[in-house]
2 protein chains.
Amino acid sequence: MARIKLLLRYDGGRYHGWQVQPNGITVQSTLQDAIERITGVRSGVTGCSRTDAGVHAEMFCCAFDTDSPLRGEKLATALNAVLPRDIAVYDACEVSDTFHPRYDARGKRYCYRIWNGRQRHPFWEGRALHINRPLDEQRLNGAANAFCGTHDFAAFCAAGSDVADTVRTVTEAAVTRDGDLITFTVAADGFLYNMVRIMTGTLLDIAFGRLPETAIDEALQTGDRAAAGATAPATGLYLQTVWYEREVTA
Amino acid sequence: MARIKLLLRYDGGRYHGWQVQPNGITVQSTLQDAIERITGVRSGVTGCSRTDAGVHAEMFCCAFDTDSPLRGEKLATALNAVLPRDIAVYDACEVSDTFHPRYDARGKRYCYRIWNGRQRHPFWEGRALHINRPLDEQRLNGAANAFCGTHDFAAFCAAGSDVADTVRTVTEAAVTRDGDLITFTVAADGFLYNMVRIMTGTLLDIAFGRLPETAIDEALQTGDRAAAGATAPATGLYLQTVWYEREVTA
């Protein structure tokens with residue numbers, strides 16, 4: 001029995017998120033189906049994150065145990081032949097049998113994409129939030145800077161989450177523009193439930209004057225969810241990278 | 001009655017090309033339906049090009065005559081509200097009533113996108129050709145240089161085309177790489193039927209040794225379709241820009 005680490009990309013538009021649900025297809029159940037077809041055995045797959053319905057991944061790390069001799073490119077190619085077109089494995093390697101994609105993760109980077117053209121864009125349909133009122137990315141970038149550092153992000157966590165420790169360290173928070181496409185990039189040692197979507201919604205509420213410029217500082221200090229902004233839709237959110245402290249290859 | 005010029009973007013994946021067909025939906029018929037819903041009158045729309053089934057457009061110019069008073073952003077917004085998600089108008093303005101999107105075009109630029117990663121990429125599904133054997137973009141770029149200049153492109157025209165004059169002037173032909181994404185960009189004063197797809201197929205046949213390095217020069221000199229390469233699939237092809245000699249705004 002060996003543990004295999006998979007790196008995936010997926011368009012989350014059709015899925016009810018990563019994790020297996022009683023109703024609706026998920027990325028995890030779809031991947032488990034594919035592994036069963038290739039190896040002949042049903043294996044549980046552990047993911048690095050529980051992405052929400054509609055969230056995309058440019059790099060998603062997960063792992064499963066198998067007796068199959070398939071490795072590397074042969075395994076990736078075999079899985080991609082049976083996976084649907086909106087999910088693909090781009091790396092598959094054997095790792096230590098103690099490797100855990102979620103517990104061993106040392107940090108993640110997400111980005112949130114906004115199509116800021118006057119009219120909607122067919123190529124960004126389902127892959128970026130369309131906002132047609134002009135956004136000032138320099139002002140957004142200045143506001144996003146307040147997220148950097150070690151803070152209690154309780155105000156940026158969906159109500160009902162049962163996480164005890166809501167302190168996280170944000171190492172990067174920046175807003176950039178490329179033509180009419182605006183990207184909010186944020187990296188941290190960990191993220192609370194809906195954290196990036198609430199951060200994005202807060203930046204947009206500040207941009208449109210629905211919240212004061214000082215809202216982020218106030219929300220960080222008070223921990224009050226009501227001091228932060230709305231939860232931005234899942235459609236613009238991408239998990240970009242997950243990183244690990246040590247080399248995990250077996 | 002006024003003539004309106006529309007600039008569109010579309011993902012051509014679901015369409016049987018631009019032009020109205022007896023069987024299958026086309027971009028032209030879909031747009032005419034949308035205009036009829038907004039203006040109450042069925043209008044014929046003239047396009048700048050007859051793109052094939054599956055070909056995409058980042059800028060497609062077309063025109064129609066109408067008595068509707070809607071102009072500019074109001075017209076674009078109204079049309080986008082009734083058009084399907086894979087087609088969007090991003091500009092609508094009144095032009096001279098002699099303007100013709102195809103006859104007045106002075107040049108076009110296309111690009112052909114190739115996803116050259118080892119495994120397929122979910123975000124490029126239907127929007128780039130996947131080739132998993134490594135391609136040398138510098139060698140492709142060197143070969144593409146042979147297309148530049150004024151030549152008889154008869155060998156790069158689909159059989160059965162009835163165009164009399166097959167001489168065209170290519171002003172740009174370059175292959176670039178951005179990570180695993182390779183882009184062949186080609187601009188000319190005009191294009192023959194399937195010209196960019198045959199150019200792309202010829203470059204790939206040279207890259208994989210199925211045609212000699214001299215194939216492009218030979219095909220240009222002989223005008224023999226058999227001397228050129230295969231027709232690459234429509235999926236990677238984008239009409240990027242159409243340009244006009246004079247300011248056509250009324």
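The model is predicted, so local features need pLDDT of at least 70 and side-chain atom pairs count only at pLDDT 80 or more, while totals for chains, interfaces and linings use all residues. Residues are numbered from 1 along each chain as its sequence is written, chains are lettered from A and ligands numbered from 1 in the order in which they are written, and side-chain values use heavy atoms, with hydrogens and water left out.

**Relation of the two chains**

Two copies of a chain are related by a rotation about an axis and a shift along it. Here, chain B is superposed on chain A by a rotation of 180° with 0.0 Å of shift along the axis, at an RMSD of 0.0 Å (least squares on the C-alpha atoms of residues with pLDDT of at least 70 in both). This is the relation of a two-fold axis. The same surface serves both copies, as 100% of the contact residues of chain B recur in chain A; contact means heavy atoms within 4.5 Å. The residue of chain B that comes closest to the rotation axis is B:Phe123, at 5.0 Å for its C-alpha.

B:Phe123 is also touched by A:Arg127, a residue in the loop between strand 5 (105–115) and strand 6 (129–130) of chain A. Helices (H or I, at least four residues) and strands (E, at least two) are DSSP runs, numbered from the N terminus. Not counting residues up to four places away in sequence, A:Arg127 touches residues including A:Asp11, A:His56, B:Pro122 and B:Arg127. A:Arg127 is buried, with a relative accessible area of 13% (buried means under 20%, exposed over 50%, partly exposed in between, with a 1.4 Å probe and protein chains only).

| Helix pair | Axes come within | Crossing angle |
|---|---|---|
| Helix 1 (residues 27–39) and helix 2 (residues 72–82) of chain A | 9 Å | roughly 115° |
| Helix 1 (residues 27–39) and helix 2 (residues 72–82) of chain B | 9 Å | roughly 115° |

Axes are lines fitted to C-alpha atoms, for helices over the stretch in contact, and angles run from 0 to 180 degrees between N-to-C directions. In chain B, helix 1 meets helix 2 through B:Ala34, B:Ile35, B:Arg37 and B:Ile38 on one side and B:Leu75, B:Ala78, B:Leu79 and B:Val82 on the other. By class, this contact of helix 1 with helix 2 of chain B has 7 nonpolar, no polar and 1 charged residues (Ala, Val, Leu, Ile, Met, Phe, Trp, Tyr, Cys and Pro count as nonpolar, Asp, Glu, Lys and Arg as charged, and the others, Gly among them, as polar).

Within helix 2 of chain B, B:Leu75, B:Ala76, B:Ala78, B:Leu79 and B:Asn80 are buried. The buried residues of this helix pack against strand 1 (2–10), helix 1, strand 3 (56–66) and strand 4 (87–95) of chain B.

**Helix 4 of chain B**

Helix 4 (residues 195–207) of chain B has 13 residues and reaches 18 Å from its first C-alpha to its last, close to the 18 Å expected at 1.5 Å a residue (1.5 Å times one less than the number of residues). Of its 13 residues, 12 are buried, among them B:Arg197 and B:Asp205. Just after helix 4 of chain B, B:Gly209 takes a positive phi of about 75°.

**Two further residues**

A:Thr183 lies in strand 9 (residues 181–188) of chain A and is buried, with a relative accessible area of 13%. B:Arg50 is in the loop between strand 2 (46–47) and strand 3 of chain B, and touches B:Trp18, B:Gln19 and B:Arg102, not counting residues up to four places away in sequence.
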